[in-house]
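Subject: Handover of a structure

Dear colleague,

Please find below the sequence and the structure that I am passing on to you. My notes on what was found follow directly after them.

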Amino acid sequence: MYDLNSKMYIINLRNLLSGLLILSLYIFPPPIVIDIVCSNPTQAGPLIVVLDKLDYCSSLKNLNPSRSSPNFKFVRGDIGSADLVNYLLIAESIDTIMHFAAQTHVDNSFGNSFEFTKNNIYGTHVLLEACKVTGQIRRFIHVSTDEVYGETDQDAVVGNHEASQLLPTNPYSATKAGAEMLVMAYGRSYGLPVITTRGNNVYGPNQFPEKLIPKFILLAMQGKPLPIHGDGSNVRSYLYCEDVAEAFEVILHKGVVGHVYNIGTKRERRVTDVARDVCKLFSMDPETSIEYVENRPFNDQRYFLDDEKLKDLGWSERTIWEDGLKKTMEWYINNPDWWGDVSGALLPHPRTFMMPGGFDRHFDEPDKGHGESSLFSSTSNHSRIVEPVSKTSGSPVEPPLKFLIYGKTGWIGGLLGKICEEQGIPYEYGKGRLEDRSQLMKDIQNVKPSHVFNSAGVTGRPNVDWCESHKTETIRTNVAGTLNLADVCREHGLLMMNFATGCIFEYDAAHPEGSGIGFKEEDIPNFAGSFYSKTKAMVEELLKEYDNVCTLRVRMPISSDLSNPRNFITKISRYNKVVNIPNSMTILDELLPISVEMAKRNLRGIWNFTNPGVVSHNEILEMYKEYIDPEFKWANFTLEEQAQVIVAARSNNEMDASKLKNEFPDLLPIKESLIKYVFEPNKKTSAT
């Protein structure tokens, strides 16, 4: 987030509002409204009221350009004070609110999370309640963050869109997500005219130096090393403050009430690259000027936004990285003492008690006991995965075994990591993108794996219909990227376990529905109803030329985690209507451990990676009703009716799993596997 910037943007709000309340002058863009009153102080305009409690990262100097304006007023106070907020709304005839107020520094949230709950959730609740009571607000813009989406898969070519699931990973982002839920609820329940924004990192002049870019600049000015958490491979997107100011102008004028807008950029940079760019500006040697320090308790690898919705309103990023960074550097060089003594903020891991007056205390070391080893420590039913008996040996895994996994934040990639931990197999997630050969080579050189697992790929968000309008992006990852990884693995003598799809077939005259005749591994794909399936069939055909690839055709994956939105059962249980067609499916709790065993056995070629047999939608929902929710009801519709609500056709087929069954005789038929691995562990017992 961003502290108040003295740069000013002229925007015409006079026809939109009569009184504007801006909450917090240190988080970000009061600049978008400052020049309304500063550029022509004799011209009548809306009253601008800034409310802020002047926390440790605030400075009234940031408001110097506007303080002389007759239309400007500053009030020192806390948004958690209901009496003060209600008084201001009524006394100043406020009809528009821009809510930037929040505690935002992630490091602080690990050490003082209750303060984040108080400011970010309770404070927002107070504001919303005041708006409801006064009944005079015409627009409430709530400023959130890209971090509410959680970590983006490193191989993703499309960013999180506004309808993506919120999966925050640290106390700061969790409180921002909680605040968003309140905003949404007040919009729906009370009709408040709310708009929410979620933005990438913002940088520019006047920013408090606990943030990465000003911290690096001030340390470089002092000739000190630039500290980077972990290995510096974390990827972030940075927007210059003036571009973000323009974004808020567009949203204020053109944004639709009730909607969410991402404010983002496609230009991403690793933290190491940011440090190197700062070193370049100061003519410093990055090899000696960059210092790698202990990582945060959890540090998201990547945030990536889809900003097309905002672009449709007419906004676009204008400031290139090199120009914005240079302007920011020049401001700090010309204002080295703007923030006074900030030595505590320049520590690798600053911690502050959020008290007015500055840094009362700080800690040199991060909190202990929150390392990566605790990420997969769940012992719930959802994480119970059975390990198949190994043909090769009954002894523990030999030391040379080590897996390199692509698709860290994907569903299958995450489950593979859990299995490795349970079996004591060393593993690391790939950091490179599949289409970047040099990054893949670097991953293999650094990790030195015995096997490579590829669970990365484009399936589309929210579903495969996305691929129909993003064909080049789909090809880039599903075809070019997968072939790239296979080729790099072949050069290094590595077996690649490739998670593919069985959605490349559909019932036909030789394989009629209900016949029990399934498609075999050697059959030629016959389904081209979706572009996603076309790319998967295309790359599968090409991968046949690589003798180092084991292709696993997954279909309609199911797991015991019934809260996961990618789970086939979760999907159909939430639909208003479903088709009723028997299909082959993959029970991940049973089959993913088998994929690990297949790697140990160095199996190759194409495998139908499904449980034997088929199960229909209605049969699954009958089990769901029996084991999970006795009151559950659903309705069916035909394929013709389904076609009216989807863009791309869907595959329906039966896969012949006899090859896999012969290799693993204990593999259960689909219905038995569903009961054992999914419904029994989740069974709801009736009160007696």
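**Residues that meet across the sequence**

W339 is found in the loop between α11 (321-334) and β13 (403-406). Please keep in mind throughout that this is a predicted model. W339 counts as buried because its relative accessible area is 13%, and buried means under 20%.

D436 is located in the loop between β14 and α13. Its C-alpha is 7.7 Å from that of G481, while the two residues are 45 apart in sequence. D436 is partly exposed, since its relative accessible area is 25%, a value that falls between the limits of 20% for buried and 50% for exposed.

M496 belongs to strand β16 (residues 495-501). With a relative accessible area of 0%, M496 is buried. M496 and H451 are 45 residues apart in sequence, and their C-alpha atoms are 6.3 Å apart. Once neighbours within four places in sequence are set aside, the contacts of M496 include V452, N454, T482, L485 and A486. C489 and C550 are also among them.

**The protein as a whole**

The protein has 688 residues, of which 58% are buried. Its secondary structure consists of 22 helices and 20 strands.

Two cysteines may be mentioned here. C550, one of the contacts of M496, is buried, with a relative accessible area of 0%. C241 is buried as well, because its relative accessibility is 1% and the limit for buried is under 20%. How many disulfides does the model contain? The count comes to zero, where a disulfide requires two cysteine sulfur atoms within 2.5 Å.

**The second largest pocket**

The volume of the second largest pocket is about 580 Å³. Its lining comprises 26 residues, and those closest to the centre are S233, R270, K431, G432 and Q439. Which element gives the largest share of this lining? It is α13, with six residues. At least two lining residues come from each of β11 (268-270), α8, β14 (427-429) and α13 (437-447). Sorted by class, the lining holds 11 charged, 10 polar and five nonpolar residues.

Helix α8 (residues 271-281), one of these elements, contains T272. T272 is buried, as its relative accessibility is 5%. Leaving out residues up to four places away in sequence, T272 touches I228, D231, G232, S233, I290 and Y292. S233, in this list, is also among the residues closest to the centre of the second largest pocket.

In helix α2 (residues 82-91), the buried residues are V85, L88 and L89. They lie on the same side of the helix, because they cover an arc of only 100° around its axis. D83, Y87 and I90, on the other side of α2, are exposed. The helix is followed by S93, which has a positive phi near 55°.

**Further positive phi angles**

N206 is not a glycine, yet its phi is positive, at about 75°. N206 sits in the loop between β7 (201-203) and α6 (212-221). S283, also a residue other than glycine, has a positive phi near 55°. S283 is placed in the loop between α8 and α9 (286-289).

Are these two residues buried or exposed? N206 is buried, because its relative accessible area is 0%. S283, by contrast, is exposed, because its relative accessibility is 70% and the limit for exposed is over 50%.

Yours sincerely,

A colleague

Definitions and conventions
Residues are numbered from 1 along each chain as its sequence is written. This is a predicted model: local features need pLDDT of at least 70, side-chain atom pairs count only at pLDDT 80 or more; totals for chains, interfaces and linings use all residues. Side-chain values use heavy atoms; hydrogens and water are left out. Helices (H or I, at least four residues) and strands (E, at least two) are DSSP runs, numbered from the N terminus. Buried means under 20% relative accessible area, exposed over 50%, partly exposed in between (1.4 Å probe, protein chains only). Contact means heavy atoms within 4.5 Å. On a 1 Å grid over the protein atoms alone, a cavity is a set of points where a 1.4 Å probe fits but cannot get out, and a pocket is an open set with protein on both sides within 12 Å along at least five of seven lines; lining residues have an atom within 4 Å of a point. Grid points are joined across faces, edges and corners, and a volume is the space filled by probe spheres set on the points. Ala, Val, Leu, Ile, Met, Phe, Trp, Tyr, Cys and Pro count as nonpolar, Asp, Glu, Lys and Arg as charged, and the others, Gly among them, as polar. The arc is that of the directions from the helix axis to the C-beta atoms.
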